[in-house]
Amino acid sequence: MRYRDAFSGFHPINNFLFFIIVTGYTMFVMHPAVLIISLITANIYHISLKKEKAVYFGALYMLPLMLLAAVLNPAFNHEGVTVLTYLPSGNPLTLEACLYGAFSAVMMISVIVWFACYTEVMTSDKFVYLFGRIIPSLSLVISMALRFVPRFIEKFRQIKEARAGAGEKGNAFTELSVMITWALENSIDTADSMHARGYGSTKRTAFSIYVFGSKDKELLLWLLFCGFCLICSNAAGIYEWRFYPTFKGAPFSPVTVFSLLIFTALCLTPVFIDYSYDKH
Amino acid sequence: MKKTNLWKMAALFLLLVAGIFAVLFFARFRKRSGTLSDEGSLHCTVSIRCDTILANMDKLDPDKKELVPSDGVLLPETIVSFNGGESAFDVLYKVVREKKIHMEFSDSPMYNAVYIEGIGNIYEFDCGDLSGWMYSVNGYFPNYGFSLYELKDGDVLEVMYTCDLGEDVGNSYKPEAE
């Protein structure tokens, strides 16, 4: 089986744990340095996965979304001690509200980009492999539902082309109607097919060839080490940061720098793995 | 031909609706100047205090502690000149702009009432669930918004932070007080 990158070839538990730690940390630690590192490394990994497609994705969708999110907060939130100017409504525009908007936008975009990488690495068979025993029917439903999105996009393109070939003018409503008809029929076909193969008659098993090797062990230990260090440093309060009423946080200490270095190394782990495999 | 006309009509209609909304949006913004004019013929006294917090420091949001002055006075009694027809809010707004005091308010055009959310970054609910900003004119607490009270010459406007729905600044909502 061909994988997108060397990291995808590792055991699913490693892939999943990596994304859990990285996205979880980005989401719950509202610290400027963590967020900026997360945004940069997420984009590096996304670019290394999807090459120029990731650059288009970032420039065309993520950058405007980030700017919009950054502008929305100071438009509606006027808290903060540094008044920059006054808005037409008469309320002040504050530096703190701008910074909070900017950093929450960075957080949102980096989580989206991490999840874009996640969908490349964690394919649905890996997800079913990991959770098939704990939540059998739910993981099947999730993997089927996730499969619909790329399938619908592809089918929509086919319908459009077929109608264009038949000389019909583009009409989104008719195309959607065709697609819904196809989707309903397809779901009945799927149900029939599953029934014919004996779905539900006994406990389901899944075929997988994931082997937990020595390399996986090393990676798992590294991920657990990083996760442990990061959780400890967060619990110790070195990442405390407040945006209102003034923009300030716990002072930067050598421990903070060391912890940030660990976080950077963790975020870049897949890129390093890919690079070292390319050299061999 | 008919179809394109229909589209044009629809587009024009939508544009018109959008225009009406744009007018409504901009009509919300009244003209507010941030400078105190000396030309106003009338005078009033304005003060902003949050001394009730000093007795309720345990309830205050820890991030806001540094914002409370030791005497609880954000603006000492200041004589302000204004023109007839100006509301308590107009005068307060001019003062905070002039003195560079932070203030956030929300405007409800439906009731023509302005509600003060926070002054000097001390916001409503920052010191317990019953806390917020209130105003009194000559010791009387009007039961409506700042922008509805028209000031007269010689009025004393006091803007106060309460930690107990007004009880601690001298206003009670008991029925016998009516």
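Before the details, a word on conventions: residues are numbered from 1 along each chain as its sequence is written, and chains are lettered from A, with ligands numbered from 1, in the order in which they are written. Since the model is predicted, local features need pLDDT of at least 70 and side-chain atom pairs count only at pLDDT 80 or more, while totals for chains, interfaces and linings use all residues, and side-chain values use heavy atoms, with hydrogens and water left out.

Let me start with chain B as a whole. Chain B has two helices and seven strands, where helices (H or I, at least four residues) and strands (E, at least two) are DSSP runs numbered from the N terminus. Along the sequence, the elements of chain B follow the pattern α-β-β-α-β-β-β-β-β. Of the 178 residues in chain B, 43% are buried; buried here means under 20% relative accessible area, exposed means over 50%, and partly exposed is in between, with a 1.4 Å probe and protein chains only. If we take the contacts in chain B with a separation of 6 or more, 66% of them are between residues 24 or more positions apart, a contact being heavy atoms within 4.5 Å.

On the α5(A) side, Ser124(A), Phe127(A), Val128(A) and Phe131(A) meet Pro136(A), Ser139(A), Ile142(A) and Ser143(A) of α6(A). By class, this contact has five nonpolar, three polar and no charged residues, with Ala, Val, Leu, Ile, Met, Phe, Trp, Tyr, Cys and Pro counted as nonpolar, Asp, Glu, Lys and Arg as charged, and the others, Gly among them, as polar.

Now to the charged side chains. Side chains of opposite charge can pair when their charged atoms come close. Over all chains the count comes to twelve salt bridges, each being a side-chain nitrogen of Lys or Arg within 4 Å of a carboxyl oxygen of Asp or Glu.

Within helix α6 of chain A, Arg157(A) and Glu154(A) lie three residues apart, about one turn of the helix, and they form a salt bridge whose closest N and O atoms are 2.8 Å apart. Arg157(A) is partly exposed, with a relative accessible area of 39%, and Glu154(A) is also partly exposed, at 33%.

In chain B, Arg49(B) and Glu158(B) form a salt bridge at 3.0 Å, N to O. That pair links distant parts of the chain, with Arg49(B) in strand β1 (residues 42–49) and Glu158(B) in strand β7 (residues 156–162), 109 residues apart. Another pair, Glu86(B) with Lys94(B), meets at 3.2 Å, N to O, and both of these residues are buried. There is also a network of salt bridges that links Arg242(A), Lys248(A), Asp63(B) and Glu66(B).

Glu175(A) sits in helix α7 (residues 172–196) of chain A and, leaving aside its neighbours within four places in sequence, is in contact with Phe156(A), Ile159(A), Lys160(A), Arg163(A) and Gly170(A).

I will finish with the backbone. Most residues other than glycine have a negative phi, and most peptide bonds are trans. In chain A, a cis peptide bond joins Tyr244(A) and Pro245(A), with omega about -10°, and Pro245(A) lies in the loop between β3 (241–242) and β4 (248–249). In chain B, Asn138(B) has a positive phi of about 55° although it is not a glycine; Asn138(B) lies in the loop between β6 (132–137) and β7 and is partly exposed at 46% relative accessibility. Leu165(B), in the segment after β7 of chain B, has a positive phi near 50°, and Leu165(B) counts as exposed, at 52% relative accessibility.
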